[in-house]
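Please read the points below with the model open.

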Amino acid sequence: MSETIPYQAEQEQIWIEQLQNPNTNSKQRTIAFDGIMRLHRRAIYSHIRKMVISADDTDDLLQETFVKVWKNIDKFKNESKLYTWIYRIATNETLRFLERKKKKYGLQMNETSEELMRNLESDEQFSGEEVQQALQKALLTLPDKQRLVFNMKYFDEMKYEDISQIVDTSVGALKASYHLATKKIEAYLKEHYQ
């Protein structure tokens with residue numbers, strides 16, 4: 001998770017103010033934006049990668065996410081944490097990408113899951129232990145938004161309140177979605193690995 005620790009939060013706030021100040025010169029803006037990217041890049045990459053599996057697609061979506069952050073940083077109102085705002089942009093970009101892909105190839109959810117599983121099995125970076133592979137395969141059977149919630153809660157250890165700001169869903173609905181996802185994963189693992 002890319003939640004900032006106190007001294008990083010102070011520096012991040014300085015960078016945000018520099019980016020939002022029209023009097024900041026281009027060199028200072030570039031330095032400020034690079035700082036924000038360095039702070040959040042790894043977590044956002046991991047967030048996107050767990051959803052789309054492909055490294056190439058992840059790189060494209062990561063770039064699109066930070067282009068949107070660059071273009072819209074003046075609209076960030078400090079009403080949420082910056083990382084939840086960036087996560088929200090990345091999440092929306094990722095869900096739109098997955099939806100476009102399904103429409104483009106006329107895929108149903110089970111066909112999309114099968115394609116993602118093939119990508120998972122052929123990707124050396126996801127070739128971890130058998131248990132991890134089994135969990136990843138189970139995750140790929142979930143609907144996109146449910147998988148997204150599960151990833152943020154289970155892998156990124158995010159608070160429901162932060163996830164709520166990212167996906168614009170109530171905490172109660174997120175808890176129900178997470179609970180349902182864990183039941184589906186358990187059922188998948190029992191069916192395929194016992």
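1. Leaving aside residues up to four places away in sequence, Asp 162 has contacts with Lys 81, Tyr 83 and Thr 84. The model is a predicted one. Asp 162 itself is part of helix H8, which spans residues 160–167.

2. Is Asp 162 buried or exposed? Its relative accessibility is 6%, and the cut-off for buried is under 20%, so Asp 162 counts as buried.

3. Next, a helix pair. Helix H7 (residues 144–155) and helix H9 (residues 171–193) have axes that come within 9 Å and cross at roughly 95°. Angles of 65 to 115 degrees count as roughly perpendicular, so H7 is roughly perpendicular to H9.

4. Which residues make this contact? From H7 they are Gln 146, Val 149, Phe 150, Lys 153 and Tyr 154; from H9 they are Leu 174, Ser 177, Tyr 178, Leu 180, Ala 181, Thr 182, Lys 184 and Ile 185. By class, the residues of the H7 contact with H9 are eight nonpolar, three polar and two charged.

5. On the overall fold, the protein has nine helices and zero strands. In sequence order the pattern reads α-α-α-α-α-α-α-α-α. Of the contacts between residues at least 6 apart in sequence, 64% link residues at least 24 apart.

6. On burial and surface, 43% of the 194 residues are buried. The accessible surface is about 11,000 Å², and carbon and sulfur atoms account for 49% of that surface.

Conventions
Residues are numbered from 1 along each chain as its sequence is written. This is a predicted model: local features need pLDDT of at least 70, side-chain atom pairs count only at pLDDT 80 or more; totals for chains, interfaces and linings use all residues. Side-chain values use heavy atoms; hydrogens and water are left out. Axes are lines fitted to C-alpha atoms, for helices over the stretch in contact, and angles run from 0 to 180 degrees between N-to-C directions. Helices (H or I, at least four residues) and strands (E, at least two) are DSSP runs, numbered from the N terminus. Angles under 35 degrees count as roughly parallel, over 145 as roughly antiparallel, 65 to 115 as roughly perpendicular and the rest as oblique. Contact means heavy atoms within 4.5 Å. Ala, Val, Leu, Ile, Met, Phe, Trp, Tyr, Cys and Pro count as nonpolar, Asp, Glu, Lys and Arg as charged, and the others, Gly among them, as polar. Buried means under 20% relative accessible area, exposed over 50%, partly exposed in between (1.4 Å probe, protein chains only). Accessible areas come from the Shrake-Rupley method with a 1.4 Å probe; for residues, only the protein chains shown count as cover.
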